[in-house]
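Subject: Structure handover

Hello,

Here is the structure you will be working with. My notes follow below it.

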Amino acid sequence: MPKMKTNSGAKKRFTLTGSGRVKRKHAFKSHILTKKTKKQKRNLTHFGLVAPSDEKRVKALLAI
């Protein structure tokens with residue numbers, strides 16, 4: 001049986017934490033930033049975690 005291929009798009013978007021959770025960036029931080037408040041942009045800068053319900057699917061894309 002061949003090895004599972006890692007999804008290239010997922011590999012660029014997600015990283016694993018030490019405890020095995022999946023880390024992600026927030027959306028809405030790339031363009032049309034003039035109408036967003038400083039507070040909104042600052043809060044979107046921080047990393048988030050993938051929801052437990054989606055974690056299994058993301059890990060499958062990462063071939064973990």
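Helices (H or I, at least four residues) and strands (E, at least two) are taken here as DSSP runs, numbered from the N terminus. Please keep in mind that this is a predicted model.

Overall fold: the protein has 3 helices and 3 strands, in the order α-β-β-α-β-α from the N terminus on. The radius of gyration is 15 Å, well over the 11 Å that the globule rule gives for 64 residues, so the protein is more spread out than a compact globule. Along the principal axes, the C-alpha atoms fill a box of roughly 50 × 25 × 20 Å. Of the 64 residues, 14% are buried. The accessible surface is about 5600 Å², with 58% of that belonging to carbon and sulfur atoms. Taking contacts between residues at least 6 apart in sequence, 57% join residues at least 24 apart.

Lys 36 is buried but has no salt bridge. Where is the nearest side chain of opposite charge? That side chain is Asp 54, 20 Å away.

What the side chain of Lys 36 does have is backbone oxygen around a polar atom: the oxygen of Phe 28 lies 3.0 Å from such an atom, and the oxygen of His 31 lies 3.4 Å from one. Leaving out residues up to four places away in sequence, Lys 36 touches Phe 28, His 31 and Lys 41.

Regards

Technical notes: Residues numbered from 1 in each chain as written. Predicted model: local features only at pLDDT ≥ 70, side-chain atom pairs only at ≥ 80, totals over all residues. Heavy atoms only, no water. Rg over C-alpha atoms; globule rule 2.2 N^0.38 Å. Buried < 20%, exposed > 50% of the residue type's maximum accessible area, 1.4 Å probe, protein only. Contact = heavy atoms within 4.5 Å. Areas by Shrake-Rupley, 256 points an atom, 1.4 Å probe, with all protein chains shown as cover. Lys, Arg positive; Asp, Glu negative; His and termini not counted. Salt bridge = Lys/Arg side-chain N within 4 Å of Asp/Glu carboxyl O. Polar contact = N/O pair within 3.5 Å; in protein donor to acceptor, adjacent residues only side chain to side chain.
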